[in-house]
Amino acid sequence: MVIPAPLMGRFYPRPEPGAELYVSVGSEVQEDTVIGLIEVMKLFNTVQAGVRGVITEICAPEGEFLDYGSPLFRVRLHDAPADVRKGS
């Protein structure tokens, strides 16, 4: 499953330059886990995972300007039937 960008703007996967990433490949996330920031007009908006699972891929490069719906991360969902996991 893909976690999409909830709004357009510049994506940051860490709270500040030089800090550790919010999540990396292999990180377990819950619905309310902060996975990054999107900057729009000098305002930073936190992005939450919105799902329960494990991060399998980071899709958005740091500092990249993204459109609404652009893929941020791929996640292997918890509690998903096996046939849904195959399509992730």
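**A covered strand and its sheet**

Strand 4 is mostly covered, with 5 of its 7 residues buried, where buried means under 20% relative accessible area, exposed over 50% and partly exposed in between, with a 1.4 Å probe and protein chains only. Strands here are DSSP runs of E of at least two residues, numbered from the N terminus. The model is a predicted one, in which local features need pLDDT of at least 70 and side-chain atom pairs count only at pLDDT 80 or more, while totals for chains, interfaces and linings use all residues. Residues are numbered from 1 along each chain as its sequence is written, and side-chain values use heavy atoms, with hydrogens and water left out.

Strand 4, which spans residues 34–40, is joined to the antiparallel strand 5 by 6 bridges. Among the bridge partners across these two strands are Val34 with Gln48 of strand 5 and Glu39 with Phe44 of strand 5. The hairpin that strand 4 makes with strand 5 has 2 residues between the strands, and Met41 in this hairpin takes a positive phi near 50 degrees. Strand 2 (residues 9–12) also pairs with strand 4 in the antiparallel sense, over 3 bridges, and here Arg10 has Glu39 of strand 4 as its bridge partner.

The largest nonpolar core holds 17 residues, of which Ile3, Phe11, Ile35, Leu72 and Phe73 touch the most other members; such a core is a set of buried Ala, Val, Leu, Ile, Met, Phe, Trp, Tyr and Cys residues joined through side-chain atoms within 4.5 Å. Strand 4 and strand 8 each supply at least two residues of this core, and its largest share, 4 residues, comes from strand 8. Leaving aside neighbours within four places in sequence, Phe11 is in contact (heavy atoms within 4.5 Å) with residues that include Ile35, Leu37, Leu66, Leu72 and Phe73.

On the outside, Tyr68 lies in the loop between strand 7 and strand 8 (71–77), and Tyr68 counts as exposed because its relative accessible area is 65%.

Key:
Pairing = 2+ DSSP bridges.
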